Amino acid sequence: PDLNLYFKFINTGIIDKFTNTWGIEEMTYVKEKYLYPVVNKEKLKELYPRRYEQAIMPKLITTGIRYFEVFGDFNGEYLSAKSTEIITSKGKIKIETILPILNSNVVFFFIREAYGNVSMGGGITFSPDNLCNIPIPELEEKDIEKLNKLTEKYSHDFDEESQDELDNYIYELYNLTNDDIKVIEDFKNEVRRKKRWVI
């Protein structure tokens, strides 16, 4: 189809850090599988104008459960299912700037420790309430520039080595101690082991 007439439709299952697998891996939705799920823009605008306005906005789309992963829909191309959460730009901080912070293990560790009582299968159920409470460090101009460059870089290629590089930088932003870093590194390694076991 002409993708100018449609939103790409995604859910938690095909969201990865900095990207998604729409058109690469099949998405399961209401017990059916789709490789290229789309929603007609005009029909959505007619039936659900608020959802349409949300879809055309630049935004971050997060997974809804288990592992916290976020990608940037900077051009308003995607309509996300209810299993996801949406973050839009507020105040002076752009979504391109906070995306690397949200994809760090510092933030995932914070969410797990703060909201572990709503865990599901070893992960967390994410909601607007707990996402709004993520502490963002004070950012200088050089930090903003660096974070924006990381978003551009990782949107094209992100792997375990990239994750380590990202986390090391985010540790500095939060001024973490060596003891703090060790705790989060242990947490990260635990998450990696669980993911490999599931795969």
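Asp164 is partly exposed, at a relative accessible area of 27%, where buried means under 20%, exposed over 50% and partly exposed in between, using a 1.4 Å probe and protein chains only. The model is predicted, so local features need pLDDT of at least 70 and side-chain atom pairs count only at pLDDT 80 or more, while totals for chains, interfaces and linings use all residues. Residues are numbered from 1 along each chain as its sequence is written, and side-chain values use heavy atoms, with hydrogens and water left out.

Side chains of opposite charge can pair when their charged atoms come close. With a salt bridge taken as a side-chain nitrogen of Lys or Arg within 4 Å of a carboxyl oxygen of Asp or Glu, the count comes to 15 salt bridges, among them the following.

| Pair | Closest N to O |
|---|---|
| Lys188 and Asp164 | 2.8 Å |
| Glu190 and Arg112 | 3.7 Å |

Arg192 in helix H8 and Asp164 in helix H7 are 28 residues apart, helices being DSSP runs (H or I, at least four residues) numbered from the N terminus. Salt bridges that share partners join Glu160, Asp164, Asp167, Glu185, Lys188 and Arg192 into one network. Within this group, Lys188 is buried at 2% relative accessibility, and Arg192 is also buried, at 14%.

The salt bridge between Glu190 and Arg112 links distant parts of the chain, with Glu190 in helix H8 (residues 178–198) and Arg112 in helix H4 (residues 105–115), 78 residues apart. Glu190 is partly exposed at 26% relative accessibility, and Arg112 is partly exposed with a relative accessible area of 26%.

Conventions
Helices (H or I, at least four residues) and strands (E, at least two) are DSSP runs, numbered from the N terminus.
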